[in-house]
Amino acid sequence: MRKKYRNEWKYCEKEADLLAIRERLAGILDYDAYAGTDGEYEVQSLYFDDYKDNCARDNVSGEGRRFKYRIRYYGKEAKKLYLEKKEKKNNGCHKEKCALSMQEYQNIIDGKAMEVFWGTQEHLLKKFCVDIVTKRFYPKVIINYQREAFVEPITNIRITLDRNISASDEIGLFLSGNYFRVPVMEKALHVLEVKFDEVLPSYIKAVLQADVRLQQSFSKYYLGRIALQEKKVRTI
């Protein structure tokens, strides 16, 4: 089956601008299924890379095609885990996702990827296990942030507002959420992402003022790696 790539526009926004966008979106779109009573939820992701850090290097070089693996859960407690593979092709993105059991997660962390490989029927999980063994993928950084997500299900539009993005290398504390966090961006700077299939409707563009905003290309994973490196340099 041919992969379907969605458009993904990213913007770096100040707090006041993000709040203004939020108010406009709330009037025309619904929150997504993960939203709490206040519309927000926490996203916690553990990113993997190979021994050469090729996923991070591809972000620097601007490779037209690149991908990342991550294990993710929503909220403060790891009640459900998901494995995701996000691929980028120029300005488009494609994401595969499957559920991951706590035992499968622990086996992966403990270096027992092949036990997981033989015990699952999930194609994505099998591929991940093969890459762990053959390309030496292992966990590199935790990325955490607060998210508000608005959706338009009929046209498959998803707009996310991500605040307080932080990084941690305390991999063993990922499931507990009780890890030390290093800010990834300057204070009061946040991320707006817009994902859609073919054409973004004019009324959404008007709400976002998309024609006057500056699109940017960046990766939370890569920014998190840089933030942790800079922290280590400062402490030497």
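The secondary structure of this protein comes to seven helices and 10 strands. The radius of gyration is 18 Å, close to the 18 Å that the globule rule gives for 236 residues, so the protein is as compact as a globular protein of that length. The model is predicted. Of the 236 residues, 48% count as buried.

**Overall build**

- Taken along the principal axes, the box filled by the C-alpha atoms is roughly 50 × 50 × 40 Å.
- Among contacts with a separation of 6 or more, 69% join residues 24 or more positions apart.
- The protein exposes about 12600 Å². Carbon and sulfur atoms supply 51% of that area.
- There are 43 positive and 35 negative charges. Their mean positions are 3 Å apart.

- D49 sits in strand β3, which covers residues 40-49.
- D49 has a relative accessible area of 0%, so it counts as buried.
- A polar atom of the D49 side chain lies 3.3 Å from the backbone nitrogen of N54.
- Leaving aside neighbours within four places in sequence, D49 is in contact with N54, C55, A56, R136, F137, Y138, K140, Y221 and R225.
- D49 and K85 are 36 residues apart in sequence. Their C-alpha atoms are 12 Å apart in space.

**K140 in strand β7**

- K140 belongs to strand β7, residues 138-152.
- K140 is a buried lysine, because its relative accessibility is 13% and the cut-off for buried is under 20%.
- The K140 side chain reaches the backbone oxygen of D50 at 3.2 Å.
- Not counting residues up to four places away in sequence, K140 touches Y47, F48, D49, D50, D53, I171, Y221 and R225.

**R147 in strand β7**

- R147 also lies in strand β7.
- R147 is buried, with a relative accessible area of 6%.
- What does the side chain of R147 make a polar contact with? The partner is the side chain of D162, at 2.7 Å.
- Beyond its neighbours within four places in sequence, R147 is in contact with G39, E40, Y41, V43, R72, R158, T160, L161, D162, E193 and K220.

- Helix α2 spans residues 54-61 and holds N59.
- At 17% relative accessibility, N59 counts as buried.
- N59 and S219 are 160 residues apart along the chain. Their C-alpha atoms are separated by 7.3 Å.
- S219 is also one of the residues in contact with N59.

**L25 in helix α1**

- L25 lies in helix α1, residues 15-26.
- Is L25 buried or exposed? L25 is buried, with a relative accessible area of 0%.
- Leaving aside neighbours within four places in sequence, L25 is in contact with F150, I159, L161, V207 and L208.
- L25 and L208 are 183 residues apart in sequence, while their C-alpha atoms are 8.1 Å apart in space.
- L161 is listed among the contacts of L25, and also among those of R147.

**Positive phi angles**

- Most residues other than glycine have a negative phi.
- Phi of N164 is near 55°, a positive value in a residue other than glycine.
- N164 is placed in strand β8, residues 157-168.
- N164 counts as exposed, because its relative accessibility is 52% and the cut-off for exposed is over 50%.
- Phi of A188 is near 70°, which is also positive in a residue other than glycine.
- Where does A188 lie? A188 is in the loop between β9 (182-183) and β10 (189-196).
- A188 is partly exposed, with a relative accessible area of 38%.

Terms used: Residues are numbered from 1 along each chain as its sequence is written. This is a predicted model: local features need pLDDT of at least 70, side-chain atom pairs count only at pLDDT 80 or more; totals for chains, interfaces and linings use all residues. Side-chain values use heavy atoms; hydrogens and water are left out. Helices (H or I, at least four residues) and strands (E, at least two) are DSSP runs, numbered from the N terminus. The radius of gyration is taken over C-alpha atoms; the globule rule is 2.2 Å times the number of residues to the power 0.38. Buried means under 20% relative accessible area, exposed over 50%, partly exposed in between (1.4 Å probe, protein chains only). Contact means heavy atoms within 4.5 Å. Accessible areas come from the Shrake-Rupley method with a 1.4 Å probe; for residues, only the protein chains shown count as cover. Lys and Arg count as positive and Asp and Glu as negative; His and the chain ends are not counted. The place of a charge is taken as NZ of Lys, CZ of Arg, CG of Asp or CD of Glu. A polar contact is a pair of N or O atoms within 3.5 Å; within protein, one must be able to donate a hydrogen and the other to accept it, and residues adjacent in sequence count only if both atoms are side-chain atoms.
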